[in-house]
Amino acid sequence: MLRVIISIVLLALLVTGVGYQQLQATINSSLKAPANTLFEVKKGTGFNQLCQQWQAKKWLDGCLRYQILAKLDPTLTDLKAGLYQLNNATVLDNIRQINQGKQVSFSFTIIEGQSLRDVLAAISKAQYLRQDLSLGELSQQIVGSDQHLEGWLFPDTYYYHANDTTSSVLKRAHKIMQNVLDEAWQNRAADLPFKTAYEALIMASIIEKETGLASERPLIASVFTNRLNTKMRLQTDPTVIYGIGADFDGDIKRKDLTNHTPYNTYKINGLPPTPIAMPSKAAILAAVNPPESEYLYFVAKGDGSHQFSKTLKEHNKAVQDYLRYQKQLNSFK
């Protein structure tokens with residue numbers, strides 16, 4: 001009888017030892033997927049189905065031991081749908097990533113000074129985004145009103161997951177722009193030539209498009225503020241270009257400056273009816289808090305910066321200096 005008891009105990013110890021070894025092997029077993037493999041867990045996928053999919057791809061040897069482990073730890077079966085980046089860590093580490101919903105992220109960037117047309121063209125090509133925009137009702141879809149969407153998307157990088165919608169990304173960009181503009185408007189300088197925050201947004205978009213150097217935004221803002229305050233026309237090329245739209249061939253012609261459109265600030269008084277681009281926070285802050293100056297003109301110097309002038313005589317001289325500079329450059333070509 002004693003021999004039987006001893007035999008049973010020894011067998012139990014043996015089985016326990018083998019079981020422990022198997023458990024450790026299961027826990028430490030690596031997933032044999034290629035590094036950085038993207039794998040989609042579809043909605044409704046169960047643990048056994050996931051295991052079978054990986055086994056079919058020869059990423060693991062068998063499912064039984066993982067199914068047993070899932071019985072011991074039911075949290076392993078809580079799989080969240082999404083796109084995941086698998087690695088050659090353990091099988092359990094990759095499953096835990098799916099349990100925790102740690103999906104791979106993608107990004108989309110709205111660039112300072114981009115037009116709405118350019119943003120829409122770029123986001124239509126963004127990978128793994130579900131395209132749900134309705135161009136005929138775009139403003140209603142993103143802003144919730146008929147307000148023109150130009151200028152209302154904050155330039156930044158936005159992260160998203162596979163199958164997120166295009167509209168959800170643009171709504172986030174609009175919300176941030178609204179918050180930035182509201183805060184800036186609340187802290188605006190006194191006696192600005194703008195009645196509303198939207199007019200400040202229009203001005204910020206013009207400043208953004210005229211900016212050669214970021215450091216010049218404040219001075220450019222002061223020029224346009226001074227022009228509005230003295231009833232001068234803005235006379236800025238970027239608004240003319242925006243009014244031409246997709247037909248612009250890269251060269252402003254004399255007829256473009258004389259053609260009367262809502263965006264030709266050589267012909268209209270005051271601001272154009274809408275922004276012409278997506279302004280940065282720095283451009284918005286420059287628009288609502290321009291420094292005091294007597295500058296009314298500026299012209300490119302040819303190196304990315306501008307020459308600022310107080311009088312038309314000074315400005316004309318700066319223009320001639322720029323033309324001579326361009327002529328010298330062309331002579332070396």
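1. Which cysteine does a disulfide join to Cys-51? The partner is Cys-63, with an S to S distance of 2.3 Å. This is a predicted model. The disulfide count comes to 1.

2. The torsion about the S-S bond of Cys-51 and Cys-63 is about -115°, so this disulfide is left-handed. Cys-51 sits in helix H2 (residues 47-56), while Cys-63 is in the loop between H2 and helix H3 (64-72), so the pair ties together parts 12 residues apart in sequence. Both Cys-51 and Cys-63 are buried.

3. The largest pocket holds about 480 Å³ of space. It has 19 lining residues, and those closest to its centre are Glu-210, Gln-235, Asp-237, Tyr-266 and Phe-298.

4. Five elements each supply at least two residues of that lining: helix H8 (197-210), helix H9 (217-229), helix H10 (237-244), strand E5 (297-300) and helix H13 (312-331). E5 gives the most, with 4 residues. By type, the lining of the largest pocket divides into 9 nonpolar, 6 polar and 4 charged residues.

5. The second largest pocket holds about 210 Å³ of space. Its lining includes Gly-113, Gln-114, Ser-115, Arg-117 and Asp-118. Lys-209, Pro-238, Ile-241, Tyr-242, Gly-245 and Ile-276 also line this pocket.

6. Helix H5 (116-123) and H10 are the elements that give two or more residues to the lining of the second largest pocket. The largest share, 3 residues, comes from H10. This lining divides into 4 nonpolar, 4 polar and 3 charged residues.

Key
Residues numbered from 1 in each chain as written. Predicted model: local features only at pLDDT ≥ 70, side-chain atom pairs only at ≥ 80, totals over all residues. Heavy atoms only, no water. Disulfide = S-S within 2.5 Å. Buried < 20%, exposed > 50% of the residue type's maximum accessible area, 1.4 Å probe, protein only. 1 Å grid on protein atoms, 1.4 Å probe; cavity = no way out; pocket = protein on both sides within 12 Å on 5 of 7 lines; lining within 4 Å. Points joined across faces, edges and corners; volume = space filled by probe spheres on them. Nonpolar A, V, L, I, M, F, W, Y, C, P; charged D, E, K, R; others polar.
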